[in-house]
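Subject: Structure handover

Hello,

Please find the structure below. My notes on it follow.

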Amino acid sequence: MPDPALHATSTTERGSFCTARCACGWRGPARRARSQARTDAERHVSEAGDGPRPEHPVE
Ligand SMILES: [Zn+2]
């Protein structure tokens, strides 16, 4: 069961660029528009939620 908290995204502005980041460690490309960075983040979350799940080692 996917945990939405695992993919809490935010955007970070650096200079005139904006980058989307995720709590899982993912980072989007630097964008000039914050709306574009947000789109990157939304796509990441939807792909992470719908795509094949990474296998978690069980120990
Ligand atoms: Zn993520």
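Reading from the N terminus, the elements of the protein chain run β-β-α. That makes 1 helix and 2 strands. Please keep in mind that this is a predicted model.

Confidence

The mean pLDDT of the protein chain is 85. Residues that reach 70 or more make up 75% of the chain. Among the elements, strand β2 (residues 17-22) has the highest mean pLDDT, at 97. Helix α1 (residues 34-50) has the lowest, at 91.

The hairpin

Strand β1 covers residues 9-14 and runs antiparallel to β2. The two strands are joined by 6 bridges. One of the residues to look at is T9, whose bridge partner in β2 is C22. Between the strands of the hairpin there are 2 residues. At G15 in this hairpin, phi is positive, near 65°. β1 itself is hardly covered. It has 6 residues, and the count of buried ones is 0.

Burial and the core

The protein chain has 59 residues, and 12% of them are buried. Which residues form the largest nonpolar core? There are 5: C18, A20, A37, A41 and V45. Both β2 and α1 give two or more residues to this core. The largest share comes from α1, with 3 residues.

A41 is worth a look for its contacts. Leaving out residues up to four places away in sequence, A41 touches T9, T11, A20, C22 and G28. Of these, A20 is also a member of the core, and T9 and C22 are the bridge partners mentioned above.

For the chain as a whole, take the contacts between residues at least 6 apart in sequence. Of those, 17% join residues at least 24 apart.

R34

R34 is found in helix α1. Beyond its neighbours within four places in sequence, R34 is in contact with T11 and C18. T11 is also touched by A41, and C18 belongs to the core. R34 and T19 are 15 residues apart in sequence. In space they are 7.6 Å apart, C-alpha to C-alpha.

G25

Where does G25 sit? Its place is in the loop between β2 and α1. G25 is exposed, because there are 6 other C-beta atoms within 10 Å, and a residue with 12 or fewer counts as exposed. G25 and L6 are 19 residues apart in sequence. Their C-alpha atoms are 9.5 Å apart in space.

Where to start

I would open the view on the core residues from β2 and α1. Then turn to β1 and its 6 bridges to β2.

Best wishes

Methods. Residues numbered from 1 in each chain as written. Predicted model: local features only at pLDDT ≥ 70, side-chain atom pairs only at ≥ 80, totals over all residues. pLDDT = per-residue confidence, 0-100. Helix = DSSP H or I, 4+ residues; strand = E, 2+ residues; numbered from the N terminus. Buried ≥ 20, exposed ≤ 12 C-beta atoms within 10 Å, placed from the backbone. Contact = placed C-beta atoms within 7 Å. Core = buried A, V, L, I, M, F, W, Y, C linked by C-beta atoms within 7 Å. Pairing = 2+ DSSP bridges.
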